[in-house]
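Here are some exercises to work through with the model open beside you. Try each task yourself before you read its solution.

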Amino acid sequence: MAKNRDAVTSELIVSSIGLCPAYEDNKKKACVIAAYNAGNGGVTFIALPFPTKKVYSREDVLSAIAQAEGVGAVRYDSVGGGQKDIIVCRADSGKVTDIVPRDIKNDRFIDGFSEVVQTAVKFKVGADERALRLNERMNVEIAPSGEYPRERGTYAYAFANAYNACLLGGVFEREELRIVTKRGKRAKFCVRDVSGEFIDEEVLYVKPVSRDTEGTVDFYVTEEFNYIDGENSSRRSYKIIFSGRLNNYNLIRQ
């Protein structure tokens, strides 16, 4: 029988994706929480199997979202076209198992992924871990709160961090942060506290700022960079701070 070349295929357009691993105490329950924004009024989640034999590629993640959403494909592009990075949460201490490919020499993820440090973020998670099933679409209630998960590796901690990474991914797409390197390539983002010796011209570093002893993030600050608007050039830095009214991050020039 001849195949129908005009068969209808569906596509989901996603604006931001964040990933965070969850280990729990039982390795058999380990997974990767993916948070994504498809412009349907909120952030949706799926739990992916924890990688054992090989790390996830960008296409692996997009395919998993497409399968969970029941669509033919997921489109995930930057404004103006081109590949957009998935934001991946990574611990900055202790034993770290990477879930996506990493450029060890340059201490950053390869193209297709950007990094945000795992930490306690002020979001309360309404997830019931007993109801968590792999590769299934989940709507999880998450709200800013003083009651937030603090224990790294737990499901709640991973949900909060993946959600936070997804929100930051949306901020990185705003016009003020569409930074291009000298080679004409879109700058990668790296959200972590780094010293000057790790500065990379292809990366825009964003520092998490904490004002308490527990290390919870209050806001983020970009490193200072050159901003060229036509013939005019200026040095700029931005503060990224959560707005309860907007239920999202605000970008404020310093």
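**Exercise 1. Find how many disulfides there are, and explain the result for Cys89.**

Step 1. Start with the rule: a disulfide is a pair of cysteine sulfur atoms within 2.5 Å. Applying this rule gives a count of 0 disulfides.

Step 2. Now look at Cys89. Its closest cysteine sulfur belongs to Cys20 and lies 4.2 Å away, so the two are too far apart for a bond.

Step 3. Cys166 is in no disulfide either; the nearest cysteine sulfur to it, that of Cys89, is 10 Å away.

Step 4. Check the burial, where buried means under 20% relative accessible area, exposed over 50%, and partly exposed in between (1.4 Å probe, protein chains only). Cys89 counts as buried because its relative accessibility is 4%, and Cys166 counts as buried because its value is 2%.

A word on the source: this is a predicted model, in which local features need pLDDT of at least 70 and side-chain atom pairs count only at pLDDT 80 or more, while totals for chains, interfaces and linings use all residues. Residues are numbered from 1 along each chain as its sequence is written, and side-chain values use heavy atoms, leaving out hydrogens and water.

**Exercise 2. Describe the largest nonpolar core.**

Step 1. A nonpolar core is a set of buried Ala, Val, Leu, Ile, Met, Phe, Trp, Tyr and Cys residues joined through side-chain atoms within 4.5 Å. The largest one has 45 residues, and those touching the most other members include Phe45, Phe159 and Ile240.

Step 2. Helix α2 (residues 155–171) gives the most to this core, with 11 residues. Helices (H or I, at least four residues) and strands (E, at least two) are DSSP runs, numbered from the N terminus.

Step 3. Another core, of 27 residues, lies apart from this one; Leu62 and Phe109 are among its members.

**Exercise 3. Work out the strand order of the open sheet and name its edge strands.**

Step 1. Two strands pair if DSSP finds at least two bridges between them. The open sheet has 10 strands with mixed pairing, in the order β4-β3-β2-β6-β9-β12-β13-β14-β17-β18.

Step 2. The edge strands, each pairing on one side only, are β4 (43–49) and β18 (248–253).

Step 3. Zoom in on β2 (residues 16–22) and β3 (residues 31–37), which pair in the antiparallel sense over 7 bridges. Ser16, for instance, has Asn37 in β3 as its bridge partner.
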